[in-house]
Amino acid sequence: MSQPVPGQRPAAPEPLRLVQEFLNTRWERAGVEELDSPRGLLRWAAARGLVETDAPVGQSDLDLALALRDTLRELLAARRPVETGVLASLPLRCDIQAGRLVLVPDGAGITAALARILIAGVEAERDGRWERLKLCAAPDCRWAFYDPSRNRSATWCNMAVCGSRAKARSYYRRQRAASALPTPELRSPRRPRPPEPCRARAAPRHSWLRPAADPRRPRRGSRNRGPRRPG
Ligand SMILES: [Zn+2]
């Protein structure tokens with residue numbers, strides 16, 4: 001069964017793609033839940049050749065699958081590596097392949113299929129690809145996507161959808177916060193300016209600002225003595 005894939009991001013390379021598809025059996029935005037029953041788990045695993053179509057799958061197997069999916073999603077959200085506690089819950093054993101110690105599923109059936117998913121996550125952690133697998137930052141999405149960018153800075157599964165919505169929400173919050181602030185007048189009430197002094201009557205401070213004396217008017221304090229009489 002093909003999953004709905006938002007955006008144009010490339011799928012994770014194998015075998016990490018198996019982990020990506022397993023995580024995306026639940027997608028909040030579209031209300032998708034492929035692991036809604038033991039039969040749903042069998043359908044999903046058989047479609048990927050992990051088990052036979054008539055393999056026995058019970059409720060305990062579904063509970064184990066859901067616990068594994070939740071744990072892997074939490075690890076991705078926290079940007080943490082696959083922990084050993086997760087490994088202990090699944091049938092695994094060590095093997096030597098090409099001179100290298102590797103984990104392999106122990107047994108067969110649906111639990112071995114879940115072990116293969118976990119091993120794919122551990123292998124991705126070894127080669128550095130695990131940290132490129134991310135959950136979309138949109139709370140109503142959380143799609144697991146692969147970030148192939150050089151600086152590994154991708155945040156959204158789809159920039160045109162989840163990224164644009166987040167930017168619109170951020171803009172709306174800023175606008176509301178700005179409108180909740182008091183107006184500038186209320187924040188810093190203006191004091192009435194004191195009246196301007198009457199500069200017309202004020203004496204000029206500097207002599208060169210004084211108005212020129214009228215030569216026709218007698219100077220203050222001087223008497224008009226008239227023409228001087230000869231003695
Ligand atoms: Zn998204």
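What covers the buried residues of α1? The cover includes α3 (59-77), α5 (110-126), β5 (133-135) and β6 (144-146). The views below come from a predicted model.

**View 1. Helix α1 is largely enclosed by the rest of the structure.** The helix spans residues 16-23. Six of its eight residues are buried, so the rest of the structure largely encloses it. The buried residues are L16, V19, Q20, E21, F22 and L23.

**View 2. V19 of α1 and its contacts.** Neighbours within four places in sequence are left aside here. Beyond them, V19 is in contact with L72, I117, A120, G121, A124 and L133. V19 is also among the residues of the largest nonpolar core that touch the most other members.

**View 3. The largest nonpolar core has 39 residues.** V19, A45, L114, L133 and C136 touch the most other members. Two or more residues come from each of α1, α2 (38-47), α3, α5, β5 and β6. Helix α5 gives the largest share, nine residues.

**View 4. Helices α1 and α3 meet.** Two packed helices are described by the angle between their axes and the distance between the axes. Here the axes come within 10 Å and cross at roughly 105°. An angle of 65 to 115 degrees counts as roughly perpendicular. The two helices, α1 and α3, are therefore roughly perpendicular to each other.

**View 5. The residues where α1 meets α3.** From α1 come V19, F22 and L23. From α3 come R69, L72 and R73. By class, this contact has four nonpolar and two charged residues, and no polar ones.

Methods: Residues are numbered from 1 along each chain as its sequence is written. This is a predicted model: local features need pLDDT of at least 70, side-chain atom pairs count only at pLDDT 80 or more; totals for chains, interfaces and linings use all residues. A residue is buried if 20 or more other C-beta atoms lie within 10 Å of its own, exposed if 12 or fewer, and partly exposed in between; C-beta atoms are placed from the backbone. Helices (H or I, at least four residues) and strands (E, at least two) are DSSP runs, numbered from the N terminus. Two residues are in contact if their C-beta atoms, placed from the backbone, lie within 7 Å. A nonpolar core is a set of buried Ala, Val, Leu, Ile, Met, Phe, Trp, Tyr and Cys residues joined through C-beta atoms within 7 Å. Axes are lines fitted to C-alpha atoms, for helices over the stretch in contact, and angles run from 0 to 180 degrees between N-to-C directions. Angles under 35 degrees count as roughly parallel, over 145 as roughly antiparallel, 65 to 115 as roughly perpendicular and the rest as oblique. Ala, Val, Leu, Ile, Met, Phe, Trp, Tyr, Cys and Pro count as nonpolar, Asp, Glu, Lys and Arg as charged, and the others, Gly among them, as polar.
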